[in-house]
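Here are a few notes to read with the model open beside you. Take them one at a time and find each spot as you go.

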Amino acid sequence: MNIEQMIEIYPQRPHLVILGAGASKDAMPDGDANGKPLPVMSEFISTLNLTDYIGKIEGVPKTDNIEDVYSWLANQERFVDERIVVENEIREYFSNITLPDTLTKYDLLVLSLRQKDCIATFNWDGLLVQAYQRMQKITTDLPQMVFLHGNVEVGYCPECKTYGYWFAKCHKCGEQLQSVPLLYPVKNKNYQKNEFISEQWKILEDFISKAALITIYGYSAPKTDIEAINILKKAFARLGTPRYFDIIEIIEHPKFDTKNISEAWLDLSEMARDHLELRRSVFDSYMFRSPRRSLEFLHKNRIASSWWGESSIKFTQEDINEDKISALETKILPLLKNEDSGNPDVI
Ligand SMILES: [Zn+2]
């Protein structure tokens, strides 16, 4: 592909967003609808009230990090029962995490992308799925979703390899979907062992290999996720043509130290001519600065022409403060109308 062709197809390429636990925490800093906190790995055990139970297991590592504890447990045959208790507690906790009635960053995130795009989440909680259900009332042209470590609100049909809401029936054969496993936090994760999870990773690889913009939101690519990172890097290298205009965008909390940017992201950005951009807030991301038009925005802004403008339609903290789905719908209506007539311009 020559450079003119690359410029021409650029806006049609996917935007991929990868979510980690930091995204759920950012969207719900005060906890879920019932005030239940969204834990990150390092404070997981105390958040789930498992400190006493785990503390009684003989020889267990003394830490609040579930990855260290669970990896250890998974290697101890004498503690199979204890491991199952911990697994059940994790599933139970995340099954009860509920989106508040008020609008959240997750709602805006889902609405900010289109069907050609994808949100891949490492999170077990069902917040993304719940936001998706709400935003479907505004439009059905929403991004694909991929669940890299399984999810409490997703069901799977092993016959047809379809997936959807856990309570739904398969749209192909009509059978009730089966709940999917959660991939628990062992250090050496096996993404091939379970069919559903392995299928999810294939979809992710496909998106990574084609995406022109990859936004990583609240996922720090810990060294223990080495297998995941290797898959990401390999898939990213698969495009075959130089990624002259491609961008890796990282959203981290305001106190995030740039020295802590994962080597995994530095490696990816090296393949994309060092186009690495760090955001301190999701509101500064391309998807919120130009909802449903992130790649069209970049195309207009720096690739096909040097337009220094901004989109007139943005998602801001005001949308959350105002907390009206109807207001959000009114805001993006001009974009939806243009989409209906096949016009994806930035307005
Ligand atoms: Zn089926």
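1. Start with Ile-261, which is partly exposed because 19 other C-beta atoms lie within 10 Å; the cut-offs are buried at 20 or more, exposed at 12 or fewer, and partly exposed in between, with C-beta atoms placed from the backbone. Keep in mind that this is a predicted model, where local features need pLDDT of at least 70, side-chain atom pairs count only at pLDDT 80 or more, and totals for chains, interfaces and linings use all residues. Residues are numbered from 1 along each chain as its sequence is written.

2. Ile-261 sits in the loop between β8 (247–251) and α11 (263–271). Helices (H or I, at least four residues) and strands (E, at least two) are DSSP runs, numbered from the N terminus.

3. What does Ile-261 touch, leaving aside its neighbours within four places in sequence? Ile-250 and Leu-266 are in contact with Ile-261, contact meaning C-beta atoms, placed from the backbone, within 7 Å. Ile-250 is 11 residues from Ile-261 in sequence, and their C-alpha atoms are 8.8 Å apart.

4. Now look at α11 beside α10 (residues 226–236): they pack at about 5°, with axes 10 Å apart. Axes are lines fitted to C-alpha atoms, for helices over the stretch in contact, and angles run from 0 to 180 degrees between N-to-C directions. The two helices are therefore roughly parallel (under 35 degrees; over 145 is roughly antiparallel, 65 to 115 roughly perpendicular, the rest oblique).

5. On the α10 side, Ile-229, Leu-232, Lys-233 and Phe-236 meet Ala-264, Asp-267, Leu-268 and Met-271 of α11.

Technical notes
Two residues are in contact if their C-beta atoms, placed from the backbone, lie within 7 Å.
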